[in-house]
Amino acid sequence: MSGATEPHGGNTAGDSERDTPIPSRAAKPVTASGSRPSRTHRFLAKAEKKIDKFKLKLGLKEQGTESRGTSEASTTAASTGESTTAPTGKTWAVVAGALKMTLSGAVLFIPDPFKGPAQALLKIINVFEQTKSNNEEMEDLKARCDLLNESMANAIKGKDESLLSAELKESIGRLVKGIHDTFRATVVEYSTGIAAYLMVEDNSEAVKEANQKMDQILQCFWIKNLVAGALVLSDIRKTVKDQEGWMVKLCATTDNHFKSASLRQLKHVPGAAYDSQELAKVNPCFQGTRVRLLAGIGRWMSNTALEEQGASKPIYVLDGIAGIGISTVAKTVAQHAAAINSLGATFFFSRDHADRQQAADFVHTIAYQLACCDASYGKAIATAIDGHPESLHKIMAQQFSVLVAKPLSDMLKQRATPLVFVFDALDECAQPDASDILSLIITSISKLPNVKVFLTTRPDLMLRIKYQSNALANCFHLQEIEAVIVDSDIRLYLNYYLSLSSIQKVFEGTEWDSWAPTKHQQEQLVRVSDKLFIFASTAVKLILSYQGRGPEKTLTSILSLEPKQGMVKLYQKVLEIATPTDILRPSKDWDLWLADFKTAIGTTIILQHPVSVKALERLLQLESPDLGPMLRNMHSVLAPFDDGPNPTYKIHHKSFPDFVTNAAVCPEDFWIEESKYHLQLAKCCLKTMDQQLCFNICQVSVADQYKALADLPELNKERLTEELQYAVCNWAAHFAKSNPE
């Protein structure tokens, strides 16, 4: 799961040249297709002229000029998308007029339940144009109205109504209703119904409360839509550049790393961080996909009281079957939370890495990442370490209490925005450690003030029983998303990677550089994918590979599969394409090739952590060391870290090792018996250690041999080869998994 590294899809990576994001459908300019603009867009396009006349009438703008202290962009944001400058130089008339224009455009497309509040809000804003008060509370309210206008304008700028997602329309509707309910506290009705209102200008407490409520509502709207990808962070930064408080903190670029010798005592796991090199091949969701899911996660992250009851739960568990894309969702959530200074810590578990499949350094890693994300947190954690150094070696619950909970609780209470922890692929942590970590999440981490925990896992029985029965957790099963939504996401992904321009980049100068699948073939591939992003991404890699019979024949072969055959048949097709066609079966040459192939694949899938091809060849001490060609032919399921002469390969997705080690589904010739290759690697590790280890291998001088490690001069590590380092650290793990009895 955490190894899902497919190209920008629900769960895939891909070559760097194909990793460039494309505009989502929701962000496509109206003029891009040449179609006639919608009623909403035509309405917004007229806003500029109307508001210019409005400003001229008020004497705020001379013909062809702009008055000092007012920004033309603020009143045309709905049609031009430009950001405002400081709102303090605008009159209530200008602010209210711009807000009414944007609201009038929004009324046309927001869902019906929100149209009534929107129309009532328009009437309330009429009152603001007549206000005479300029006290501090009213000035703050004016500034927030300007921010409200900018927020909605940024969400819909440059977009045709038909291209706005249902989630964004609903979010704008919720925003409008929330503001309407807030403003009702600042006015009184003076006639029947909602025909007219009077401003309660002298009730400063009511206005002050309205300002606080607007902060909450705007914060929820921003966080939700930034996480969902519906808003652009740079637009928000422009909007809040003259503001203070949570608005700036949410969007500012900060460098708060607190450096302390005490923090070096934390045995953190660098590869567990979402942005580590080990996770470089795990890409976020392909732009424009998982929109509804991310919007729901953003709504859960953004608030505790303003939305439905489930939003107040501190834990969000996303579970799903292998290949459905939960790890890419986790990385997307982590990236978006980090962008708005709301990410506390991440831990991406992996059964491929010994330090990421156990609980030993879990709390240390959380504490270290928290110390790095905020200088005040770092100082508090360092003080806790200095005061209680023994806590570093206690059980997890005590470590967390001393290193995180006690030193940070008071500071977390002061946060205006939530702090999010993202933990991915908990099922890949060995038992009982996985259950212990889940218990810590439920009993301790989620109890921290203003903290939210986003957790992904396969629906492992022991874990599922625990989180599904807990009142603190929202549970969402990714495989239950409607097929039409997943199919739409996969279609968007395939339309990009199998477009003529993408294919030309891959096959430039070959006979296939003008080929592209038909729309009917793409629809067939969507159907065969059967809601699995890993299927679609693996199919794309096969089609765009130089190995095999060419893209057209490969696609035809894939389309012959039945949808319910899923990954099993696709992986069988991968093995078929990797098999040389010039070797007779059976024959001695076939036996030799198959033995080399199984050694290459068998050892690669059971390595405790990836090593380079040359180091693996030296570790195995093969008679004819040439694993490179074997591994290159499996490019659709193996991800090279680089394209140099000595690449390091990593499994794209856990479903492939599951397939080749399952005798019931893998062809007999290619079946990998795990215990056999664990034993082979254990022997090779011992042999390598016997050959390369020697006394004083780093050549420390006699005078320095009794010094503390920290006081030693730079060591000579020339003899510490990559294969020796691997052997020393992992021989016991392979031996234990080889069924030595």
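Which strand gives the largest share of the lining of the largest cavity? The answer is strand β9 (residues 649-651), with three residues; helices (H or I, at least four residues) and strands (E, at least two) are DSSP runs, numbered from the N terminus.

This is a predicted model, in which local features need pLDDT of at least 70 and side-chain atom pairs count only at pLDDT 80 or more, while totals for chains, interfaces and linings use all residues. Residues are numbered from 1 along each chain as its sequence is written, and side-chain values use heavy atoms, with hydrogens and water left out.

**Cavities**

Searching the whole structure gives eight cavities of 30 Å³ or more, and the volume of the largest cavity is about 70 Å³. A cavity is a set of points, on a 1 Å grid over the protein atoms alone, where a 1.4 Å probe fits but cannot get out, and lining residues have an atom within 4 Å of a point. Grid points are joined across faces, edges and corners, and a volume is the space filled by probe spheres set on the points. The lining of the largest cavity consists of Asp 352, His 353, Thr 604, Leu 607, His 609, Pro 610, Tyr 649, Lys 650 and Ile 651. By class, this lining has four nonpolar, three polar and two charged residues, where Ala, Val, Leu, Ile, Met, Phe, Trp, Tyr, Cys and Pro count as nonpolar, Asp, Glu, Lys and Arg as charged, and the others, Gly among them, as polar.

**Helix packing**

Two packed helices are described by the angle between their axes and the distance between the axes. Axes are lines fitted to C-alpha atoms, for helices over the stretch in contact, and angles run from 0 to 180 degrees between N-to-C directions.

| Helices | Angle between axes | Distance between axes |
|---|---|---|
| α11 (residues 291-302) and α12 (residues 326-339) | about 45 degrees | 11 Å |
| α13 (residues 362-373) and α15 (residues 396-413) | roughly 15 degrees | within 9 Å |
| α18 (residues 483-497) and α20 (residues 519-529) | roughly 135 degrees | within 10 Å |

Angles under 35 degrees count as roughly parallel, over 145 as roughly antiparallel, 65 to 115 as roughly perpendicular and the rest as oblique. With an angle of about 45 degrees, α11 is therefore oblique to α12, and their crossing is right-handed; a crossing is left-handed if the near helix is turned anticlockwise from the far one by less than a right angle, and right-handed if clockwise. Contact means heavy atoms within 4.5 Å, and in this pair Leu 293, Leu 294, Ile 297 and Met 301 of α11 meet Val 329, Thr 332, Val 333 and Ala 337 of α12. That contact comprises seven nonpolar, one polar and no charged residues.

The helices α13 and α15 are roughly parallel to each other, and α13 passes α15 in a left-handed crossing. Their contact has nine nonpolar, two polar and no charged residues.

The helices α18 and α20 are oblique to each other, with a right-handed crossing. Here Asp 487, Ile 490, Arg 491, Leu 494 and Asn 495 in α18 meet Lys 519, Gln 522, Glu 523, Leu 525, Val 526 and Ser 529 in α20, a contact that divides into four nonpolar, three polar and four charged residues.

**Backbone features**

Most residues other than glycine have a negative phi, and most peptide bonds are trans. Arg 290, a residue other than glycine, has a positive phi near 55 degrees, and Arg 290 lies in the loop between α10 (246-251) and α11. Gln 431 and Pro 432 are joined by a cis peptide bond with omega of about 5 degrees, and Pro 432 is in the loop between β5 (419-424) and α16 (433-443).

Technical notes: On a 1 Å grid over the protein atoms alone, a cavity is a set of points where a 1.4 Å probe fits but cannot get out, and a pocket is an open set with protein on both sides within 12 Å along at least five of seven lines; lining residues have an atom within 4 Å of a point.
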